[in-house]
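Dear colleague,

I am handing over the structure below, and my notes on its aromatic rings and its surface follow it. Please read them with the model open beside you.

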Amino acid sequence: MPLVLIILLFFSAFVKSQTVDIFKISDGEYKFINKSSGNFIDNKVWNEISPFNDGFYLGYDSLGLSYINGDGILLSGVKYTSGRLFNFNRAAVYKDNKWGFINKNGSQIIPLDFDFVYDFRDSVTFVIKNHRWSLVDTLGNLKTYLDIDYSWGFENGIAKVKRRD
């Protein structure tokens, strides 16, 4: 029995839980509420908040998209037009008509320089810039240019692509 308790304590230290929950004020108005105290975290009202996923909420307001951690704290002050959930510790973000990637600290790891990006499903992903396909790694290093017309992305290390006829 003591061994089970030690193992549970060990693993619980690595599990990031949320101390906040979403409170619906009205249609299109949401706030974060502290689960323990029942108090609102702050006065911020969000138009939409995504479900908690991989340590973060995605919050939308009139200025754009923000990433919020499980304690209700903004990941960074940067607002994006759009964004996606984290994969391989990277989230695709969109601003000023360009895509890039941030890490879980909110740092921009891969610059907003691409016309379109795929989410990381492996150690590399597809990016498109000026109608040219490429592969980049999780640090943004260009791995290779590709002569393809389309990709369905990576799944289990394999990518289905369509090449010019």
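Ring pairs link Tyr 94, Trp 99, Phe 116, Tyr 118, Phe 126, Trp 133, Tyr 150, Trp 152 and Phe 154 into a cluster, where rings of Phe, Tyr and Trp (its six-membered ring) pair if their centres lie within 6.5 Å, and planes under 30 degrees apart count as stacked, over 60 as edge-to-face and the rest as tilted. This is a predicted model, in which local features need pLDDT of at least 70 and side-chain atom pairs count only at pLDDT 80 or more, while totals for chains, interfaces and linings use all residues. Residues are numbered from 1 along each chain as its sequence is written, and side-chain values use heavy atoms, with hydrogens and water left out.

The count by the pairing rule is 15 aromatic pairs. Phe 126 and Phe 154 have ring centres 5.1 Å apart and planes at 20 degrees, so this pair is stacked. It joins distant parts of the chain, since Phe 126 belongs to strand E11 (residues 124-129) and Phe 154 to strand E14 (residues 150-155), 28 residues apart; strands (E, at least two residues) are DSSP runs, numbered from the N terminus. Both Phe 126 and Phe 154 are buried, that is, under 20% relative accessible area, with exposed being over 50% and partly exposed in between (1.4 Å probe, protein chains only).

Two charges also sit over rings (NZ of Lys or CZ of Arg within 6 Å of the ring centre and within 35 degrees of the ring normal): Arg 132 lies over the face of Tyr 145, 3.7 Å from the ring centre, and the charged end of Lys 160 is over the ring of Trp 152, 4.7 Å from its centre.

With regards

Methods
Helix = DSSP H or I, 4+ residues; strand = E, 2+ residues; numbered from the N terminus.
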